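This report describes the strands, helices and ring contacts of the model shown here.

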Amino acid sequence: MSKRRLGSVRPPKRCRSDMDNTSTSDIVIINGNSHPDLANMVAERMGIKNGGCSVFHKSNRETIVEISDSVRGKDIYIIQTGTKDANNNIMELLIMAYACKTSSARSIVGVIPYLPYSKQCKMRKRGCIVSKLLAKMMCTSGLTHIITMDLHQKEIQGFFDIPVDNLRASPFLLQYIQESIPDYRNSVIVARNPGVAKKANSYAERLRLGLAVIHGEQKETDADEVDGRYSPPPTRNSTPQHAPTSSNRQRTTSVSVGVPEHIVKVKPPLTIVGDVSGRIAIMVDDLIDDVQAFVAAAEMLKEHGACKIYVLATHGLLSSDAPRQLDESPIDEIVVTNTIPHEIQKLQCHKIKTIDISILIAEAIRRIHNKESMSYLFRNVTLED
């Protein structure tokens, strides 16, 4: 007669569906009004339902956020990108993050494919570094992690007191070049100004193509204003109190007119360093917004014998009448990702093509949630990317 051991109760078998749902049961994806299509695609790729969150504006333009599902003890991922309505996008993100924070969410990750104000990351005149202010506001609102893509300057990550994962869209753009541009081996990667030369060089090395740089582009200059900014210091004829001694005077160079002035920059005419004659020119950048510089560069490439001209960028903001200018320009195709919605712009310009990067964002969310390494998403990434 078999004896039954006391206290040895066999646990019930776990069905496969429960095992599959364990890793995603505590994930909640919500989004604002900036790019709901991208949020739905990310949620669909992860096999979870988009959380119930409604964001609307009152008659006085105040933002109201209502979260219908419980977020207590869960990992929240807020998908909110920057568009031409950047200020409302930021306020929606901050209010959603604070609402989750006060509702006892375990972690709040901001998925911001295009970070607004990322170009204002340097001090200009008497302005301020707006990216620093924005980073402080995001950290204060309750965000515990940031996922973004192709920051204008990678040093912006240092403004945040929380982890920032700066994803790369270059693998998608490189794949597009290899699969969708006929005879891409006859191409040359073009940097429209010396500031983009590092990124263009990275593309050229991966594709084993030549590199060309457009030099002498007219950059934005600060207007000379009579406001005390350029007033010269007073000159003093008297000998300074701590003048160099006779032994050191021979090795010390002094200027008799006071503080020397900066030499005025004389911008040279546009020139191309590299051969583009009879080849396909591919311009790469991180953002396309004001397209006048791209159009001017394309016209010069056409004059130097480029047979086709492509423009590839991660973010396609395309403000104002950019679609019309691109449609009338010698550019044959403009390729951007869907980090920013641009369906209206595509109706105005048939040259714009879109690459879906939702799979990259979904994979980043999955790895962060499962506490896996993110190194796979940054393979073969150099400092120039």
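## The five-stranded sheet

An open sheet is built from five strands in the order E1-E4-E5-E6-E7, with parallel pairing. Its edge strands, strand E1 (27-31) and strand E7 (164-167), each pair on one side only. From one strand to the next the twist averages 20°. Strands and helices here are DSSP runs numbered from the N terminus (helices H or I, at least four residues; strands E, at least two), and two strands pair if DSSP finds at least two bridges between them.

Within this sheet, strand E5 (residues 107-112) and strand E6 (residues 145-149) run parallel and are joined by four bridges. Val111 has Ile147 in E6 as its bridge partner. Helix H11 (residues 358-369) lies across E1, strand E4 (75-79), E5, E6 and E7, and runs at about 155° to E6. Axes are lines fitted to C-alpha atoms, for helices over the stretch in contact, and angles run from 0 to 180 degrees between N-to-C directions.

## Basis of the model

This is a predicted model, in which local features need pLDDT of at least 70 and side-chain atom pairs count only at pLDDT 80 or more, while totals for chains, interfaces and linings use all residues. Residues are numbered from 1 along each chain as its sequence is written, and side-chain values use heavy atoms, with hydrogens and water left out.

## The seven-stranded sheet

A further open sheet has seven strands in the order E10-E9-E8-E11-E12-E13-E14, and its pairing is mixed. Strand E10 (271-273) and strand E14 (352-355) stand at the edges with a single partner strand each, so one side of each lacks a neighbour in the sheet. Neighbouring strands are turned by 25° against each other on average, direction ignored.

Strand E13 (residues 333-337) pairs with E14 in the parallel sense over four bridges, and Val336 stands opposite Thr354 in E14. Helix H8 (residues 292-303) lies across several strands, including strand E8 (187-191) and strand E11 (280-288), and runs at about 170° to E11.

## Helices H3 and H4

The axes of helix H3 (residues 86-102) and helix H4 (residues 130-141) come within 8 Å and cross at roughly 25°. H3 is therefore roughly parallel to H4, a term for angles under 35 degrees.

In contact (heavy atoms within 4.5 Å) are Ile90, Leu93, Leu94, Ala97, Tyr98 and Lys101 of H3 with Leu134, Met137, Met138, Thr140 and Ser141 of H4.

## A charge over a ring

The charged end of Arg192 sits over the ring of Phe294, 4.5 Å from its centre; the criterion is NZ of Lys or CZ of Arg within 6 Å of the ring centre and within 35 degrees of the ring normal.

Methods
Angles under 35 degrees count as roughly parallel, over 145 as roughly antiparallel, 65 to 115 as roughly perpendicular and the rest as oblique.
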